[in-house]
Structures are given as C-alpha cells and as structure tokens.
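These are my notebook entries on a single protein chain. I record what I looked up, entry by entry.

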Amino acid sequence: MLDPKLLRNETEQVAEQLARRGFDLDVALLAKLEEERKQAQLEAQELQTERNSRSKNIGKAKAAGEDISPLLKEIEDLGDRHKAAESRLNEVLAQLEQIAMGIPNIPQADVPAGQDESENQEVLRWGEPRQFDFEPKDHVDLGATLGMDFDTAAKISAARFVTLSGPLAKLQRALTQFMLDLHSEKHGYTETYVPYLVNADSLRGTGQLPKFEEDLFKVNDGEFYLIPTAEVPVTNIVRDSISEDASLPLKFVAHTPCFRSEAGSYGRDVRGLIRQHQFEKV
C-alpha cells in the first residue's frame with residue numbers, strides 16, 4: 001500500500017508513474033474524496049470543540065442554580081450533529097482506504113515501460129535450454145504412469161485438482177520433509193505450523209485483499225478464507241507487532257497446502273499441474 005501522504009500530496013506524479021504499468025488512477029475521484037475528508041474532519045472537530053465548551057457552561061450554570069434544561073438540549077443537538085459528521089468522515093476514509101488498497105506499487109524509474117509482454121526487455125541470460133535427442137514428454141503423460149491422476153480428482157472434487165499415489169505421493173512427502181529439515185537445521189529457520197483458514201485482516205496484511213478476492217475460497221460466508229499461499233499466515237505472525245532490532249531477522253518456515261479458485265488467472269486452460277485449486281508449499 002502506498003504512503004497515504006504521497007498519494008495525497010503528489011497525486012498527479014503518482015498517477016503518471018502508475019500509468020507506465022497500465023494502471024489508471026482516478027485522480028478526480030481522489031481529489032473529490034480528499035476535499036470531502038477535509039470538510040468532514042473540520043466539521044467534526046469544530047462540533048466537538050463547541051460541545052466541550054457548552055459542557056463547561058452547563059457545569060457553571062448548575063453550580064449557580066440556573067435551569068440547565070435548554071443547555072442540555074443544545075448539547076444533545078450538538079452530539080447528534082457531531083455523530084453525523086464523524087460517520088460521514090469514517091465513510092470517506094473507508095472509501096479512500098479501499099482505493100489505496102487496490103493501487104499497485106510504483107515502478108522504479110529504470111523499469112522500461114511497455115503495454116504487454118512483447119515489449120519486455122531481456123536483461124540477463126544464464127545457461128542454455130537443454131537439448132534432447134528424443135521427443136520430450138509432457139509432465140502429465142509422464143505422471144500418468146507414476147500415480148498422477150486428474151480424472152479421479154475431478155470425480156472426487158472437480159477439474160483443476162489432482163490425486164497422487166504410489167511413487168509420486170511418496171516423492172511429495174519426501175520433498176516436503178527434505179525442505180523443512182534443510183531450512184530448519186541448516187539455514188536457521190524456525191519451523192512453524194500455521195492455520196489454513198485466515199481472516200480478512202490477514203489477507204489485507206499481505207496484499208491479497210482486495211485485489212485478488214475473486215481468486216480466494218471463502219468459508220462461512222466470508223468469515224474465513226482458505227490460504228492462497230503459505231506466506232499469508234506466516235507473515236501475519238508479526239502483524240500488529242513491533243520487533244526489536246536484537247530479534248531480527250525473524251526466519252520462519254512452514255509447510256501448508258494452498259488453495260486458489262483461479263477465477264481471474266491467466267492460463268486457465270493450460271493442461272496439467274498449472275493453475276490448480278490445491279497444491280503444497282514449503
């Protein structure tokens with residue numbers, strides 16, 4: 001999420017940079033909402049100040065034995081107006097936050113602009129693609145002989161799932177164990193077990209919401225979401241907390257399944273293990 005001050009004070013410059021990556025920032029809407037925010041905030045502050053002042057007068061009038069009924073009515077009216085101003089302010093702030101949450105990062109100045117992948121620039125090449133003296137098989141054709149079965153998974157669930165059995169199931173389990181051991185025993189990571197269901201705040205904290213909501217599986221009317229990637233629960237271990245310098249770096253490793261509806265994904269019709277609804281990650 002961009003710095004709110006940058007978005008507020010340098011809106012035009014931000015819009016120009018975002019346009020380089022094909023994002024159209026609604027500058028007019030932002031300016032309109034920002035003006036509404038200022039007005040609502042000023043009104044709420046003035047009404048609160050007035051209410052505080054009137055409250056002091058009530059105390060003085062009461063001490064002097066005067067009738068405070070009219071003053072109480074004035075305070076009540078000010079309170080209602082203040083609540084209305086606060087409510088409007090919160091509505092505008094919510095709209096501004098919703099817009100800000102959907103804005104991508106600004107590209108670095110040296111990133112070349114381009115409309116699509118045809119304008120990508122190759123900046124580094126390492127090695128050469130391997131050449132075979134035979135016709136390579138697709139991983140689906142190879143996997144079918146080893147226990148990879150898309151048809152059975154479709155029968156159990158739906159398309160875009162797979163079952164693994166025999167050697168492949170064992171290989172997946174072995175790779176999971178190998179990577180956990182490697183990172184926890186040799187690289188200094190703390191092995192962590194995390195929930196597979198998370199709340200919306202966790203997904204906002206790692207940028208999945210609101211941008212990728214259509215690619216998430218919702219549970220219990222949106223109270224929870226199945227995690228789309230292991231980073232969501234792991235990163236949120238430190239959400240809303242401040243880590244002391246002496247404790248850094250914090251290094252966690254976890255094994256989780258990952259779930260994605262892939263509703264808005266590119267390559268939806270590709271064959272095989274690409275764009276699956278469920279897969280494993282360490």
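The entries below go from conventions to helices, salt bridges, strands, rings and surface.

**Conventions.** I worked on a predicted model, in which local features need pLDDT of at least 70 and side-chain atom pairs count only at pLDDT 80 or more, while totals for chains, interfaces and linings use all residues. Residues are numbered from 1 along each chain as its sequence is written, and side-chain values use heavy atoms, with hydrogens and water left out.

**Helix α4.** I took helices and strands as DSSP runs (H or I, at least four residues, for helices; E, at least two, for strands), numbered from the N terminus. Helix α4 covers residues 69–101, which is 33 residues. I found 48 Å from its first C-alpha to its last, close to the expected 48 Å; the expected span is 1.5 Å times one less than the number of residues. I then looked up burial (buried is under 20% relative accessible area, exposed over 50%, partly exposed in between; 1.4 Å probe, protein chains only). The buried residues of α4 include Ile-75, Leu-78, His-82, Leu-89 and Met-101.

**Salt bridges.** My criterion was a side-chain nitrogen of Lys or Arg within 4 Å of a carboxyl oxygen of Asp or Glu. By this rule I count eleven salt bridges. Arg-88 pairs with Glu-36, with the closest N and O atoms 2.3 Å apart. This pair links distant parts of the chain, since Arg-88 lies in helix α4 and Glu-36 in helix α3 (residues 27–63), 52 residues apart. Arg-88 also bridges to Glu-91, at 3.3 Å between the closest N and O atoms. Arg-88 and Glu-91 are both in α4, three residues apart, about one turn of the helix. I noted the general rule that an α-helix has 3.6 residues a turn, so residues three or four places apart point the same way. Arg-88 is partly exposed at 31% relative accessibility, and Glu-91 is partly exposed at 42%.

In helix α8 (residues 200–205), I looked up Arg-204 and Asp-201, which are separated by about one helical turn because they are three residues apart. Their side chains form a salt bridge at 2.7 Å, N to O. Arg-204 counts as partly exposed at 38%, as does Asp-201 at 40%. Salt bridges with shared partners join Lys-32, Glu-36, Arg-88 and Glu-91 into one network.

**Strands.** I treated two strands as paired if DSSP finds at least two bridges between them. Which order do the strands of the three-stranded open sheet have? The order is β4-β6-β5, with antiparallel pairing. The edge strands are β4 (197–198) and β5 (218–219), each pairing on one side only. Two bridges join β5 to β6 (residues 224–226), and Lys-218 stands opposite Tyr-225 in β6.

Strand β8 (residues 256–259) and strand β9 (residues 278–281) run antiparallel and are joined by four bridges. Pro-257 faces Glu-280 in β9. From β8, Thr-256 and Cys-258 point one way and Pro-257 and Phe-259 the other, and all are buried.

**Aromatic pairs.** I paired rings of Phe, Tyr and Trp (its six-membered ring) with centres within 6.5 Å; planes under 30 degrees apart are stacked, over 60 edge-to-face and the rest tilted. The structure holds two such pairs. In one of them, Phe-132 and Phe-134 have ring centres 5.3 Å apart and planes at 55 degrees, so the pair is tilted. Phe-132 is partly exposed, at 39%.

**Val-238.** Where is Val-238 found? Val-238 lies in the loop between α9 (231–235) and β7 (252–254). At 31% relative accessibility, Val-238 is partly exposed.
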